[in-house]
Amino acid sequence: MSAQRRSKVTSAAQALAGIENGAKVIAAGVHFSNTPMALVRELVRRRVRDLEIIPTPATGLWVDMLLGAGAIRKIWVSYIGMEFLGLAPNFRRAVEAGEIEIVDVDEPTIFLGLRAAAGGLPFVAMPPIHKLTDLPKVSPEVYRDIIDPFTGKTVIATPPLAPDWAFIHVAKADVFGNGVSLGGRHMEDIIAKASKHVILSAEEIVEPGAITSAPTHTTVPGVLVEAVVHARYGAYPGSCPGVYSYDRAHLEEYLDYAKDNRTSEYLDRYVYGSQDDSVLLAAAGPERLAALELQ
Amino acid sequence: MTPAYSVAELMATAIAREMRDDDFAAIGTASEIPLCAIRLAQKTHAPNMWFIYGGCGALNSKNPKLVEMAADFRNMTGAEYRAPLADLIDFEFTGRFSVLCFGGMQIDRYGNVNITNVGEYANPKVRGPGTIGLPFMASVKRTILYVQHHHARLFVPKVDFISGPGHLQDPELAQYRRPWAIGTTLVVTPLAILDFETPDRRMRLKSVHPGQTAQSVQAATGFELAIDGDVPATEVPTLEQLKIIREEIDTTGVLQRLIV
């Protein structure tokens, strides 16, 4: 009999137990697509403080919710918004009131910063297009002029971005942490390589044979993953590609609370009110959830 | 007979006319209008152009519905490839994308775009979402701007924050722009079409939509537009274009309701 491989499946609470105040956190996903909201809600329940958020280049809901929970000290900003639903209310309020530290950057700065951390590169050199924008004026620590040693021309250096904790949501995973996104790979592999601890949540835990029968479909390799959490509707109220669409009514409900500066009431009702997402999903109800499923 | 069309459909046909058969375009958030424009161009005069819908990464999406979320996986319908973010960034830095379509919170007379903050940076009146991909206006070939509103708080003399660079006034800065980058060629609004065909690359009123005049567009703009004589009327969508839009691209009529 061959030796047993270890299962990485655990509860969200157990998986996140090591996250401390001040940790650097990233959640994968684009806008409302494949954002690991079940893990974010568990992070809210842990009531950690002073987080440094390294978001993906286009996202919003999870950062806005953690701001509403008072969990954030600093955010790297490329795009924090609600896409087709407009501005992110807690983000807007916190920045306008000067309550949090922000570092204004952009899409390539975050992507290439993660890429540098993923590969252990000391920094990234970019063509100097940012010199035509106001970013170097407001974020001089991130945009440094250097001389390209090969051409003698001015280029811009930007530092690696290395999160302590990464959350990634997928449609399917095996117990060893091999994950499959049905929406294809966006940058989850790079996020996983850049981060010290990677927690994978999955709609469904599949048999290892489901992975090995189509290994080219794996979008996150288990070798990078520390823990696997089974989270049905783990991207809700956002969408999980190939599984279900977003719940527009619930997103609008969140926004109603957030715009009124009553996010704590939303969190009391849907997040703190239970040890998992059972209250939230019961409030949505089986019919509404079924209607979101891909036909 | 003039067919009944919506302003958003008119804007889409105006942007479609700018697309070329050899273009490779990229669009992102809130892109119903440019998406419709590109697909209309592919179905009419530019069958060989390519485009990536950022967010979901779809190359040549053929979704017959205009969905509200750029990252919506349903945009992969009929697509030919799923581009990861790395591809978009590579194509943006190297100018493989010949055209990008963007909007903004503020646009100024030289086509600088702000989506970062309105007011003083340290004490903003309105904090926007952030700079995202706008710096790439200096490294793709052409940029087309489109906005769903046209008023003097959006069209300002000088943006409060340069997220995306317009036509440069400081010759010292020209060395930092990629040599192939032409900059913003067109601005499409619910009132008019504007370009930068002036000696100093200031914004010029190219055409006014039906119901508008040069005076009414100027009154809605926070700086003096270049106006050459009689400004022509914007071409309106043809029956053929509307048929393609409504039967093949926007089958749920999003553009008929988008701007009211």
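This is a predicted model: local features need pLDDT of at least 70, side-chain atom pairs count only at pLDDT 80 or more; totals for chains, interfaces and linings use all residues.

Trainee: In S3(B), which residue is the bridge partner of Tyr53(B)?

Mentor: Strand S2 (residues 50–53) and strand S3 (residues 58–59) of chain B run antiparallel and are joined by two bridges. Within this pair, the residue of S3(B) that partners Tyr53(B) is Ala58(B).

Trainee: Which strands of chain B are the edge strands of the open sheet?

Mentor: The open sheet has nine strands with mixed pairing, in the order S4-S3-S2-S1-S5-S10-S11-S12-S13 of chain B. An edge strand here pairs on one side only. The edge strands are therefore those at the two ends of that order, namely strand S4 (81–82) and strand S13 (204–208) of chain B.

Trainee: At about what angle to S11(B) does helix H1 of chain B run?

Mentor: Helix H1 (residues 7–18) of chain B packs on the sheet. The strands touched by H1(B) are S10 (142–146), S11 (183–188) and S12 (192–195) of chain B. Its direction and that of S11(B) make an angle of about 155 degrees.

Trainee: Across which strands does helix H2 of chain B lie?

Mentor: Helix H2 covers residues 32–43 of chain B and runs at about 160 degrees to S1(B). The strands that H2(B) lies across are S1 (24–27), S2, S5 (99–102) and S10 of chain B.

Trainee: Which residue of S13(B) stands opposite Asp195(B)?

Mentor: S11(B) and S12(B) are joined by a hairpin through three residues, and they pair antiparallel over two bridges; Val188(B) has Ile193(B) of S12(B) as its bridge partner. S12(B) is also joined to S13(B), by four bridges and again antiparallel. In S13(B), the residue opposite Asp195(B) is Arg204(B).

Trainee: What is the radius of gyration of chain B?

Mentor: Chain B contains six helices and 13 strands. The globule rule gives 18 Å for 260 residues, and the value for chain B is close to this, so chain B is as compact as a globular protein of that length. Its C-alpha trace spans about 50 × 45 × 35 Å along the principal axes. The radius of gyration of chain B is 18 Å.

Trainee: Of the residues of chain B, what percentage count as buried?

Mentor: Burial here requires 20 or more other C-beta atoms within 10 Å of a residue's own. As to contacts in chain B between residues at least 6 apart in sequence, 67% join residues at least 24 apart. Of its 260 residues, the buried share is 55%.

Trainee: Which element gives the most to the side of chain B that touches chain A?

Mentor: The two chains meet through 37 residues of chain B and 41 residues of chain A. Helix H3 (85–94) and strand S9 (124–127) of chain B each supply at least two residues of that side of chain B. By kind, the residues of this side are 22 nonpolar, nine polar and six charged. The element that gives the most, with four residues, is H3(B).

Trainee: Turning to chain A, how many residues of strand S8 are buried?

Mentor: Strand S8 (residues 165–173) of chain A pairs in parallel with S10 (residues 197–205) of chain A over eight bridges, and three bridges join S8(A) to S1 (residues 24–27) of chain A, also parallel. S8(A) and S9 (residues 179–180) of chain A pair antiparallel over two bridges. S8(A) is mostly covered, and its buried residues number nine of nine.

Trainee: Which residue takes a positive phi in the hairpin of S8(A) and S9(A)?

Mentor: Lys172(A) has Val180(A) of S9(A) as its bridge partner. The hairpin has five residues between the strands. The residue with a positive phi, near 95 degrees, is Gly177(A).

Trainee: Which exposed residues does helix H10 of chain A carry on the face turned away from its buried side?

Mentor: In helix H10 (residues 263–270) of chain A, the buried residues are Thr263(A), Tyr266(A), Leu267(A) and Tyr270(A). These lie on the same side of H10(A) because they cover an arc of only 95 degrees around the axis. Their cover includes helices H2 (37–45), H3 (61–68), H4 (89–96), H9 (248–259) and H11 (278–284) of chain A. The face turned away carries the exposed residues Glu265(A) and Asp268(A).

Technical notes
Residues are numbered from 1 along each chain as its sequence is written. Chains are lettered from A and ligands numbered from 1 in the order in which they are written. Two residues are in contact if their C-beta atoms, placed from the backbone, lie within 7 Å. Axes are lines fitted to C-alpha atoms, for helices over the stretch in contact, and angles run from 0 to 180 degrees between N-to-C directions. Ala, Val, Leu, Ile, Met, Phe, Trp, Tyr, Cys and Pro count as nonpolar, Asp, Glu, Lys and Arg as charged, and the others, Gly among them, as polar. A residue is buried if 20 or more other C-beta atoms lie within 10 Å of its own, exposed if 12 or fewer, and partly exposed in between; C-beta atoms are placed from the backbone. The arc is that of the directions from the helix axis to the C-beta atoms. The radius of gyration is taken over C-alpha atoms; the globule rule is 2.2 Å times the number of residues to the power 0.38.
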